[in-house]
Amino acid sequence: MNRVFSGIQPSGELHIGNYLGAVRNWVALQAQHECIFCIVDLHAISQPYDQKTLPARTMDMATGLLAAGLDPAKCSLFVQSHVPEHAELAWALSAVAPVGELERMTQYKDKATRMETVPAALLNYPVLQAADILVYKADKVPVGEDQLQHLELAREIARRWNARFGEEFFPEPQPLLSPAKRIVGLDGNAKMSKSLGNTIGVLDGPDVIWEKLRPAVTDPARKTKKDPGNPDVCNIYHLHELFSTPDQVTHVAHQCRTAGWGCLDCKRLLADNIIAALAPIRERAADLKAHPERVREVLEHGAAHCRRLAGETMARVRDLMGFVPPFGAR
């Protein structure tokens, strides 16, 4: 059975971009593979962040993941900083990670240009990402197309480390491309992101979902209700493809092209479908929030299991890299 690893930032409550782009796929994968999922709080500090809200955001993300369908009987879920071997392996891998490749990472260049002072953690983000995967010797990594460059670097680091230390110890992890395409935000331009305020939260109530959808950007050609549109360029239509039935999607496209509907009619149907699809998740999340000890227990159990796996990897890494074992260790 393949071992699968993936992680998610502790951004607080899940939004539908997280859910459609990653988490829904994770729920399916846990029935097919040995899955390890991680809330990557160490990655979160690579950019300016609010340390006071980080604990709550981490727990909210864990609650959302469990409510969305991650089953601790089928997968391991934990907080990255609770398994210190991630950071230790990242340092060990930095001995072979090429700085030039790190500087060429698209996400690094995009973020660094917006910073007056660039932290080393941002440059080394992909090395820690490689460690996240390799510390479990994972075979498969579910990724979107925007993460393929980082995964290829992880494969390169694994090759370099194996060559330098004389053993084919680390596998080269293979991508599992997410079936969902890039989820565009309600602004119709950028990827859905909480920091841009263009999201719908998985736990948002019906009124909030409608308030967010109502002003969302649609086909700019539809200036009035009488103007026909092109659903292929409309982000609301693409959300219909993810939340509505095939018959509804066909009907929406026809109504758009013939100006049979106004955009509000289209959005109202989408809102109803999103509300219905997310209702079971909201119910499970409410139950988990009433019993936070359940979430803590899942995270504690997941971290304990993963520390055992990561500890086995690091014991061999230390040996191959020539470190003296702790005195008294057996």
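Predicted model: local features only at pLDDT ≥ 70, side-chain atom pairs only at ≥ 80, totals over all residues.
Let us begin with helix H11, which covers residues 235-243. Which of its residues are buried? They are Asn235, Ile236, Tyr237, Leu239, His240 and Phe243.

Is Gly17 buried or exposed? Its relative accessible area is 12%, and because buried means under 20%, Gly17 counts as buried. Leaving aside residues up to four places away in sequence, Gly17 touches Ala22, Ile183 and Met192.

Now for the spaces inside. A search of the whole structure turns up 2 cavities of 30 Å³ or more. The largest cavity holds about 100 Å³ of space. Helices H12 and H13 each supply at least two lining residues, with the largest share, 3 residues, coming from H12. Sorted by class, this lining has 8 nonpolar, 3 polar and 1 charged residues.

The second largest cavity contains about 60 Å³ of space. Met105, Gln107, Tyr108, Lys111, Leu122, Tyr125, Pro126 and His150 form its lining. Two or more of these residues come from each of helix H6 (106-112) and helix H8 (125-134), and H6 gives the most, with 3 residues. Two members of this lining, Lys111 and Tyr125, have a further link: Lys111 lies over the face of Tyr125, at 5.8 Å from the ring centre. Elsewhere, the charged end of Arg268 sits over the ring of Trp210, 4.3 Å from its centre.

About 290 Å³ of space lies in the second largest pocket. Its lining has 14 residues, with Ala87, Ala90, Ala121, Asn124 and Leu128 nearest the centre. Helix H2 (41-44), helix H4 (85-93), helix H7 (120-123) and H8 each give two or more residues to the lining. How many of the lining residues are charged? There are none: the lining divides into 10 nonpolar and 4 polar residues.

Our last stop is the aromatic rings, where the whole structure has 7 aromatic pairs. One of them joins Phe78 and Tyr136 edge-to-face, at 6.1 Å centre to centre and 70° between the planes. Phe78 lies in strand S3 (residues 75-79) and Tyr136 in the loop between H8 and strand S4 (140-143), so this pair ties together parts that are 58 residues apart in sequence. Phe78 is buried at 0% relative accessibility, and Tyr136 is buried at 1%. The rings of Trp161 and Phe169 also have their centres 6.1 Å apart, but their planes meet at 50°, so this pair is tilted. Trp161 is buried, with a relative accessible area of 0%, and Phe169 is buried at 10%. Together with Phe165 and Phe170, Trp161 and Phe169 form one aromatic cluster.

Notes:
Residues numbered from 1 in each chain as written. Heavy atoms only, no water. Buried < 20%, exposed > 50% of the residue type's maximum accessible area, 1.4 Å probe, protein only. Helix = DSSP H or I, 4+ residues; strand = E, 2+ residues; numbered from the N terminus. 1 Å grid on protein atoms, 1.4 Å probe; cavity = no way out; pocket = protein on both sides within 12 Å on 5 of 7 lines; lining within 4 Å. Points joined across faces, edges and corners; volume = space filled by probe spheres on them. Nonpolar A, V, L, I, M, F, W, Y, C, P; charged D, E, K, R; others polar. Contact = heavy atoms within 4.5 Å. Phe/Tyr/Trp six-rings, centres within 6.5 Å; stacked < 30°, edge-to-face > 60°. Lys NZ or Arg CZ within 6 Å of the ring centre and 35° of its normal.
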